[in-house]
Amino acid sequence: MNLFNEARDVIAGGVNSPVRAFAAVGGDPVFFKSARGAWLETEDGRRLIDYVGSWGPMILGHCHPDVIDAVVQAAKNGLSFGAPCVLETQIARKIRELMPSLERIRMVSSGTEATMSAIRLARGHTGRDKIIKFEGCYHGHSDSLLIKAGSGALTLGIPSSPGVPAGLAENTITLSYNDAEAVRAAFAELAEQIACIIVEPIAGNMNMVPPVAGFLETLREECSKAGAILIFDEVMTGFRVAKGGAQALFGIQPDLTTLGKIIGGGMPAAAFGGRADIMSSIAPDGPVYQAGTLSGNPVAMAAGLATLEKIDEPGFYEALGARTRQLTDGLLSAAQDAGIPLTTENQGGLFGFVFSDDAPIRRFEQVAAANVDRFKAFFHGMLDAGVYLAPSAFEAGFVSAAHGDEEISTTLDAARKVLKRLS
Ligand SMILES: *Cc1c(COP(=O)(O)O)cnc(C)c1O
């Protein structure tokens, strides 16, 4: 019995999100049946240490008892009302307490919905059409965001997927991440047409690439000068890199923020929010339309709220950050011992590693130029040794509060063996 073949017979491509298919690393995807703490259990009974964490939400580890209790309690009270419930107010308050730039919040069900809605709001509020985004950042799969750069920075963009109308591409400007000069040039030419910039304040969808000094500051400055809206897409970094997200870490206040992943604690929940004057343009207060049958779902709100209560405990991020550093320091020294060039990044519970000697990695082209074959071999070596990494060289890694000394040292023992074999 091959589970993937059975899935392929009835599910398009055998998966419900493409990265799960292992296309970037080869081989068949692993099917999981359960998870607890830092560990996953596969359908064929193997136990793996998890560094994907459902792509970010599982910051407390799997099946944290407080989260499970909150979910069970909420479920017993009804799965969905399609009408207001107090849990929605409670989680919105908690988010605002942790991230004060979100003066008003709207809950949605996925990160894609959050970014799509934030962009519509930015356009509706400013009355402008053009948006700026950066190559290598991922903001979900709505049409306006599946556009890549054309031949020159300010030339027309090109849809990066069939099915995205070419007509949309002229309104999406794609610049190079960490290139402040390109942002200034774009504003110098198009300022009064630009509705917003959307950016991952630490890029986590091209491996992990932090902003260079001055980059985010330039975005803030140019948006303020031009009356454009600065959107931090913190779907990944929110409550992952620091308690108040990347905006707290760097001390920069965006106008709007998108959240997802952790705020659902493993259930489908996401949000966008920000300045009250901008958020008042959303229906029903304002004319910009946005809605959702399951938005603010009580079970998802309960899971998210329980998760946010835990991350707010004293010392949470100090411990998480130290654990993540222990991992990347160990990987680095294992690679050095094996004579293999490796660069790493870490912040809070987020990490990256790239098989490259081009440190520090600050541009998309540097990630793209890394040794992908070595990554594939490392990925499969680690999987065989009981460690589940993201199945692509372009993804970041996730450490949870449930990763302890035992998990990290087992992981590093495996890495030393695998890297030695690859050298
Ligand atoms: C995951 C992610 C999204 C999309 O969220 P979904 O819930 O998968 O739609 C958007 N932006 C960033 C930065 C992400 O990491």
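Colleague: Which residue places a polar side-chain atom 3.1 Å from an oxygen atom of the ligand?

Modeller: Asn205 does. Such a polar contact is a pair of N or O atoms within 3.5 Å; within protein, one must be able to donate a hydrogen and the other to accept it, and residues adjacent in sequence count only if both atoms are side-chain atoms. This is a predicted model, so local features need pLDDT of at least 70 and side-chain atom pairs pLDDT 80 or more, while totals for chains, interfaces and linings use all residues. Residues are numbered from 1 along each chain as its sequence is written, and side-chain values use heavy atoms, with hydrogens and water left out.

Colleague: Which other residues come within that reach of a ligand oxygen atom, Gly111 and Thr112 included, and by which atoms?

Modeller: Gly111 uses a backbone N or O atom, 2.8 Å from an oxygen atom of the ligand. Thr112 uses a polar side-chain atom, at 2.7 Å from a ligand oxygen atom.

Colleague: What surrounds the ligand?

Modeller: Count residues with a heavy atom within 4 Å of the molecule. The surrounding set includes Ser110, Gly111, Thr112, Tyr138, His139 and Gly140. Glu200, Asn205, Asp233, Val235, Met236 and Lys261 belong to it too.

Colleague: Where are the domains?

Modeller: The bounds come from an automatic or database domain assignment. Domain 1 has two segments, 3-63 and 314-422, and domain 2 covers 65-311. Their C-alpha centres lie 25 Å apart. Each domain gives 32 residues to the contact (heavy atoms within 4.5 Å).

Colleague: How do I read the size of that interface?

Modeller: The size is often given as the accessible area lost when the parts come together. Here the loss (1.4 Å probe, summed over both parts) is about 2700 Å², with 64% on carbon and sulfur atoms. Tyr317, Arg362 and Phe364 supply 23% of the area that domain 1 buries against domain 2, more than any other three residues.

Colleague: How many salt bridges and polar contacts link the domains?

Modeller: There are 0 salt bridges between domain 1 and domain 2. Polar contacts across the interface number 8 residue pairs, both residues at pLDDT 80 or more.

Colleague: Which element gives the most to the domain 1 side?

Modeller: Strand β14 does, with 5 residues. Helices (H or I, at least four residues) and strands (E, at least two) are DSSP runs, numbered from the N terminus.

Colleague: How do I read a salt bridge?

Modeller: Side chains of opposite charge can pair when their charged atoms come close. The rule wants a side-chain nitrogen of Lys or Arg within 4 Å of a carboxyl oxygen of Asp or Glu. The whole structure has 15. One of them joins Lys310 and Asp66, at 3.3 Å, N to O. Lys310 sits in helix α10 (298-311) and Asp66 in helix α2 (65-76), so this pair ties together parts 244 residues apart in sequence.

Key:
Buried area is the accessible area (1.4 Å probe) that two parts lose on being put together, summed over both.
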